[in-house]
Amino acid sequence: MMHNSSHVRFFFLSGLNESMDFRVALFSVTLLCYCFIVLVNVAVVVAIVLDKNMHEPMYILLGTLCINGLYGTTGFYPKFLWDLLSPVHVISYSGCLVQALVMHSSVSSDLSILALMSYDRYVAICRPLVYHSVMSKKRLLVFVSLSWFTPFCIIGTNVFLTSRLKLCSQYIARLFCVNWVIVKLACYPADTNVNNIVAYITIILFVFNGVFVVWPYVYVIKICVNSLENRAKFMQTCVPHLTSLFFFVVTLLFDVLYIRFGSNSLPQRLKNFVAVQFLFLPPILNPLIYGFKLTKIRNRILCGIIFKTE
């Protein structure tokens, strides 16, 4: 997959060139941010693993979302921190494709997991009598596996097609590798026709995935309007999910619009700010929103902190 017919063996990432005057401060802030992302996500995952009362679909899916957040951010932050300390920002050809694969598959899996979480809330609120049979542990394992494996294969296909292109430039005006940006470096635009077709099919698939996230909530809201009990359940378990979904969609939309339609006249720092939003907001906000809103997780984490301080 990593063989390329051109002579490009590495890429120069030029997204940081205008920010090197502040690299010490930027390195410190980024390191703190990455450590905090790891801390809060690991805290939620460990709390769920250790507490048998949280071995339920809703919490397992939340743990899956946090693990996926760790997977995606690991594809960016270590390399970005290294670049902040290095005078030359270089990444190997193979490393660039791997980074694009990790980050794109992570975002795609996020959407799949959010779709599963919305379906879980739909069954819990609208069909409570069949909830345990529909969301059994065996089915949940299959759903979670597919939420990781399917996006990985779809994105892997896009990256494989990119690896077959002959490239005529080594310069990427980004902080990290993006598959579509690599495709635009192809020597012959006609060679990218298959890439374009597969890319648009991929977008359509994930748009349908996004519709599947929203569709269950249409029914959930209808049910909750006329029931105080269901309304309380909605506020407790669905509001955190909808909040996470909102931030995810907004940050992803910014990045997709920037990649596809972004103007070269925009300041590089503004481009960088837009580009890293989906690597910053969702991985921090997801565990914080659920950690503060869901009582079991909040109590478990607080108990762990109090236990250690005594």
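These entries record what I looked up about aromatic ring pairs in this structure.

I am working with a predicted model, in which local features need pLDDT of at least 70 and side-chain atom pairs count only at pLDDT 80 or more, while totals for chains, interfaces and linings use all residues. Residues are numbered from 1 along each chain as its sequence is written, and side-chain values use heavy atoms, with hydrogens and water left out.

I searched the whole structure and found 13 aromatic pairs, a pair being rings of Phe, Tyr and Trp (its six-membered ring) with centres within 6.5 Å, called stacked when the planes are under 30 degrees apart, edge-to-face when over 60 and tilted for the rest. I looked up Y119 and Y122, whose ring centres lie 6.2 Å apart with planes at 35°, so this pair is tilted.

I then placed both residues in helix 4 (residues 93-126), where they are three residues apart and thus separated by about one helical turn; helices (H or I, at least four residues) are DSSP runs numbered from the N terminus.

I checked accessibility (buried is under 20% relative accessible area, exposed over 50%, partly exposed in between, with a 1.4 Å probe and protein chains only): Y119 is buried at 18%, and Y122 is buried at 14%.

I followed Y122 to Y219, where the centres are 6.1 Å apart and the planes stand at 65°, so the pair is edge-to-face. Because Y122 lies in helix 4 and Y219 in helix 8 (residues 193-225), this pair ties together parts 97 residues apart in sequence. I noted Y219 as partly exposed, at 37%.

How values were computed
Helix = DSSP H or I, 4+ residues; strand = E, 2+ residues; numbered from the N terminus.
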